[in-house]
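Let's walk through this protein together, from its overall layout down to single residue pairs. Keep the sequence and the 3D view side by side as you read.

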Amino acid sequence: MRELVLTILIIGGFFVLRAILATIFFYYLIPEGDRCPNCDAVTLRVQSRGWNLLMPKFRTSWCYECNWHGLLRHGPLTPTVRSVGASKHSKFSS
Ligand SMILES: [Zn+2]
């Protein structure tokens with residue numbers, strides 16, 4: 001009986017340890033920032049109630065260039081290029 005308990009504890013311990021190590025490994029495998037892993041374009045942040053509730057440390061993203069959607073780690077964002085003349089607020093600036 002004692003061997004059975006030890007066997008279950010050891011195998012269960014390895015199972016839990018493997019799940020923890022795989023989670024850490026895949027966390028660092030996910031790219032950081034707002035760039036698409038397929039085409040390196042800037043992605044848009046989208047709201048996904050389920051993913052944002054389950055994994056708040058990730059950024060749910062959608063790439064409008066290649067239609068990729070998935071999770072990215074929070075990181076530095078790509079600065080946006082804004083044209084001065086096309087802004088709708090430019091008429092109030094003078
Ligand atoms: Zn893409």
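The paragraphs below go from the fold as a whole to the first helix, and then to the sheet.

Bear in mind that this is a predicted model. Its secondary structure comes to two helices and three strands, and along the sequence these elements follow the pattern α-β-α-β-β. How much of the protein is buried? Of its 94 residues, buried ones make up 5%, where a residue counts as buried if 20 or more other C-beta atoms lie within 10 Å of its own. As for how the chain meets itself, take the contacts with a separation of 6 or more: residues 24 or more positions apart account for 41% of them.

Start with helix H1, which covers residues 2-29.

The three strands form an open sheet in the order E1-E2-E3, with antiparallel pairing. E1 and E3 stand at the edges with a single partner strand each, so one side of each has no neighbour in the sheet. In general, strands of a sheet pair through backbone hydrogen bonds, either parallel or antiparallel.

On one side of the sheet, E1 (residues 44-45) pairs with E2 over two bridges in the antiparallel sense. Here you can find Leu44 opposite Trp62 of E2, while Arg45 stands opposite Ser61.

Which residues of E2 lie on its covered face, and which on the uncovered one? In this strand, residues 58-62, Arg59 and Ser61 belong to the covered face, whereas Phe58, Thr60 and Trp62 belong to the uncovered face. Ser61, then, is on the covered face and has Arg45 opposite; Trp62 is on the uncovered face and has Leu44 opposite.

The other pairing joins E2 to E3 (residues 69-73), antiparallel once again, over five bridges. Within it, Arg59 has Leu72 of E3 as its bridge partner. The hairpin made by these two strands has six residues between them, and there Asn67 takes a positive phi near 65 degrees.

Methods: Residues are numbered from 1 along each chain as its sequence is written. This is a predicted model: local features need pLDDT of at least 70, side-chain atom pairs count only at pLDDT 80 or more; totals for chains, interfaces and linings use all residues. A residue is buried if 20 or more other C-beta atoms lie within 10 Å of its own, exposed if 12 or fewer, and partly exposed in between; C-beta atoms are placed from the backbone. Helices (H or I, at least four residues) and strands (E, at least two) are DSSP runs, numbered from the N terminus. Two strands pair if DSSP finds at least two bridges between them. Two residues are in contact if their C-beta atoms, placed from the backbone, lie within 7 Å. The expected span of a helix is 1.5 Å times one less than its number of residues.
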